[in-house]
Amino acid sequence: AESAFYRGSSSVKTLFELILRLKKIEVKAGLKIVMIHIAGTRMIAQGVDGLSRGCLSEGVMRGEPISGFIPLHLNAFERCSLVENWLRDWCELPGDDPFLSLTPEGWFERGHDIVGGAKNSDGVWMPEYKSGNYFWFPPPAAANICIDELRKARHKRQTSTHIFVCPRIMAPSWRRQMHRSADLILSIPPGHPAWPTEMHEPLTIAIYFPFLKSKPWQLKGSAKRLDVARQVQSLLSSDPGSERPFLCQFWKLARQLPSMSRNVVLQVLQGSRGDSVPPATSRKRSRSVVEKEGGHKQVSCRKKR
């Protein structure tokens, strides 16, 4: 329902009628409706699921505030401090600058590599720039603004590394921009050592490496990136907590790519071909083959006659 509402249409009749009713309400009342999908486990903890069965001792029914079950204003680091330590454990290499956790004010300055500035001889203020490594961890309600600034910063200052971290709430407002721009996207399921079960919704992590100096210019879309995403996501689902060595190895490789030659970069990004999915072959026959087979059948029939 959430995806169909933001898409604006649906082939399912009931969903289409729901979208139409909500859009009419928006027009007539002059308001903005925001549809948010939440996990079923959150509904159970909130008490809404048990209320229909007469259970009056769960969640809001025992006096807990409803706002505590709608964390749209809390970022991932505020909800669980284990996330930041888990990220720093595999992404901060010896000798590199530590990752800087950006505040909302930092999205518009430090995230763009601005570290200050001074006026020139003409009296015009000129900013000073310094590349760095940044954590972008917005609350879900402001994630669309954060990802927009991240994309601007990455295109202006192409030697910095960015990691976007956000719980998967209000995802339709920011998910499209993330998939179009991120080099590697991970989904941390609830129950991971860094993201406990009481977090309910999965945690989305998008990694933006510095641009390369030659083609293909970035890791996004390369075979190596697809291999890593598939293997890491498999480990996160089957054996949570065992993905650290694999992530460390890939992180070191990605950080070394800017210093490699163009031919070496292309070879590295080709990925492993042995375990890749073979391309699907079409079972349709071409027109010439069909006509040829049909001609043989006609000839054979004439011979029999």
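**Entry 1: T14.** I started with T14, which counts as exposed because its relative accessibility is 58%, and the cut-off for exposed is over 50%. A reminder to myself: this is a predicted model. I then looked up where T14 sits, and found it in helix α2, residues 13-29. I also checked T14 against A1: they are 13 residues apart along the chain, and their C-alpha atoms are separated by 9.8 Å.

Entry 2: Next I went to strands β2 (residues 114-119) and β3 (residues 125-129). In which sense do β2 and β3 pair? They are antiparallel, with five bridges. I picked out K119 and found W125 of β3 standing opposite. Five residues lie between the two strands of this hairpin, and G123 has a positive phi near 80° there.

**Entry 3: the cores.** I moved on to the largest nonpolar core, which has 38 residues. Which of them touch the most other members? My list reads L87, W90, I163, V165, I205 and W251. Then I noted which elements give two or more residues to this core; among them are helices α6 (82-91) and α10 (244-256), plus strands β5 (161-167) and β7 (203-208). There is also a second, separate core of 19 residues, and I jotted down A142, C166, W174 and A206 as some of its members.

**Entry 4: W90 up close.** I went back to W90 and skipped its neighbours within four places in sequence. What is W90 in contact with then? I wrote down I207, R244, L247, C248 and W251. W251 had already turned up in my list for the largest nonpolar core.

Notes. Residues are numbered from 1 along each chain as its sequence is written. This is a predicted model: local features need pLDDT of at least 70, side-chain atom pairs count only at pLDDT 80 or more; totals for chains, interfaces and linings use all residues. Side-chain values use heavy atoms; hydrogens and water are left out. Two strands pair if DSSP finds at least two bridges between them. Helices (H or I, at least four residues) and strands (E, at least two) are DSSP runs, numbered from the N terminus. A nonpolar core is a set of buried Ala, Val, Leu, Ile, Met, Phe, Trp, Tyr and Cys residues joined through side-chain atoms within 4.5 Å. Buried means under 20% relative accessible area, exposed over 50%, partly exposed in between (1.4 Å probe, protein chains only). Contact means heavy atoms within 4.5 Å.
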